[in-house]
Amino acid sequence: MIKIKRIYNPVSRDDGKRILVDRLWPRGIKREDAKIDEWFKDIAPSDSLRKWFAHDQSKWEGFKKRYKEELKGKADLVERLKAESKKKKITLLFSARDIEYNNALVLKEVIEDKQ
């Protein structure tokens, strides 16, 4: 099972394994307070894609398409997350304010499509 959650939301026993999927460390969060189990920063969108998107909802479909293309080159990391999600519950953590348009949603979709 895969969940997604903002890293700024409280930690829950229901989170399972907590995996940060952002390239940059979230602002205002101390590492010791984050309670993450793993940081997959290499699975996050490239800096150029992240800057191009800039959480502009009008670019959402283009972002999804481009990010999915980038993820094809990171198949080993996607497969690791897929395997983890089959063993236990995982929560993909992201820092974006926008809970409807973010990289964790796309990543979850890609992992679940591969199952």
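**Exercise 1.** Determine why the radius of gyration of the protein chain agrees with that of a compact globule.

*Solution.* The model is a predicted one. Step 3: the C-alpha atoms fill a box of roughly 35 × 35 × 20 Å along the principal axes.

**Exercise 2.** State how many helices and strands the protein chain has, and give their pattern along the sequence.

*Solution.* Step 1: there are 5 helices and 4 strands. Step 2: read along the sequence, they follow the pattern β-β-α-β-α-α-α-β-α. Step 3: of the contacts between residues at least 6 apart in sequence, 62% join residues at least 24 apart.

**Exercise 3.** Decide whether Lys35 is buried, partly exposed or exposed, and do likewise for Ala54.

*Solution.* Step 1: buried means under 20% relative accessible area and exposed means over 50%, with partly exposed in between. Step 2: Lys35 has 49% relative accessibility and therefore counts as partly exposed. Step 3: Ala54 has a relative accessible area of 53%, so Ala54 is exposed.

**Exercise 4.** Locate Lys35 and Ala54, and describe the phi angle of Lys35 and of Ala54.

*Solution.* Step 1: Lys35 sits in the loop between α1 (31-34) and β3 (38-39); its phi is near 55 degrees, a positive value in a residue other than glycine. Step 2: Ala54 belongs to the loop between α2 (47-53) and α3 (60-72); its phi, near 45 degrees, is likewise a positive value in a residue other than glycine.

Definitions and conventions
Residues numbered from 1 in each chain as written. Predicted model: local features only at pLDDT ≥ 70, side-chain atom pairs only at ≥ 80, totals over all residues. Heavy atoms only, no water. Helix = DSSP H or I, 4+ residues; strand = E, 2+ residues; numbered from the N terminus. Rg over C-alpha atoms; globule rule 2.2 N^0.38 Å. Contact = heavy atoms within 4.5 Å. Buried < 20%, exposed > 50% of the residue type's maximum accessible area, 1.4 Å probe, protein only.
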